[in-house]
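Student: I am new to this structure. Could you show it and walk me through the terms?

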Amino acid sequence: MKIGRNEPCWCGSGKKYKMCHQKFDEKIEQLKSRGYKVPPRNIIKTEEQIEGMKKSAAINIAVLDHVTDCIKEGMTTEEIDQIVYEKTTAMGGIPATLNYQGFPKSVCTSINEQVCHGIPSEADILKEGDIVNVDCSTILNGYFSDSSRMFCIGEISEEKRRLVNITRECVKKGLEQVKPWGFLGDMGQAVHDYAYANGYTVVREIGGHGIGLEFHEEPWVGYNSEAGTEMVMAPGMTFTIEPMVNMGKAEIYVDDKNDWTVYTQDGKPSAQWEVMVLVTEDGYEILSY
Ligand code: MF3
Ligand code: CO
């Protein structure tokens, strides 16, 4: 396992180990020995993998941009699914949710009190006043990308608009904590605190995830964690920040008819924005939004 200082680095850069990840590995070893949770090497992306993920994300962003242009009152979520499938495949990608663990569609569409994993359907017609999350994920050449946005249909209530906006700001607050050698808990607590300071709650059971060579990789990314806890963030890590923020209580349940769609227990609205982020040498880079 030990690599010589003058041997090629494990990351595939072609550089000598001493000129590449040797310092990184020493830092990781030191943190590990002090009891911190550190990223395993297989989730640290190489330059080539990051390039692959960016190409995948370019499709994912274009698909969400296209949805942004098309989405309107009276449209069914089935139509959104078709738009996503057409655009993704036209650009050479594969929708990552399609047949993922039995998920039947190319996108998740979650309306109002639906928290996430809503299944597009002919029966769900977008109406004035709805807030809807459209969660897209793409596979290109084996590389995954994943991000989601909220859409407001026609005129919406002031309280729903505030929920949507604050949730977006929660992601921003989380992003500000993303930097090498910080902790995922720093990010989680920032999201949590901002949501609760605004009178909202954050879903505990479902979180973000590492991503890249798989749809869902280590680590699991929660938003009820404390600063200074959870996995250390290291350059080359890629994961999603995707808090589900509830207007009412944090409790949720899963639809027992389809085993997918998650709802708020109290029936109050929930919002979610998702970005896919890369930890860089001096901070972060948003790969998909
Ligand atoms: N994009 C969702 C996520 O963030 C997808 C969940 S898997 C699905 O993980 F099958 F439900 F779509
Ligand atoms: Co995700």
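Tutor: The shell around ligand 1 has five nonpolar, four polar and four charged residues. Here Ala, Val, Leu, Ile, Met, Phe, Trp, Tyr, Cys and Pro count as nonpolar, Asp, Glu, Lys and Arg as charged, and the others, Gly among them, as polar. This is a predicted model: local features need pLDDT of at least 70, side-chain atom pairs count only at pLDDT 80 or more, and totals for chains, interfaces and linings use all residues. Residues are numbered from 1 along each chain as written, chains are lettered from A and ligands numbered from 1 in the order written, and side-chain values use heavy atoms, without hydrogens and water.

Student: What makes the pair of Glu-242 and ligand 1 a polar contact?

Tutor: A polar contact is a pair of N or O atoms within 3.5 Å; within protein, one must be able to donate a hydrogen and the other to accept it, and residues adjacent in sequence count only if both atoms are side-chain atoms. A polar side-chain atom of Glu-242 lies 2.8 Å from an oxygen atom of ligand 1, so the pair qualifies. For His-209, the distance to a ligand 1 oxygen is 3.2 Å.

Student: Why is Asp-146 called buried?

Tutor: Buried means under 20% relative accessible area, exposed over 50%, partly exposed in between (1.4 Å probe, protein chains only). Asp-146 has 3%, so Asp-146 is buried. Glu-242, at 6%, is buried too.
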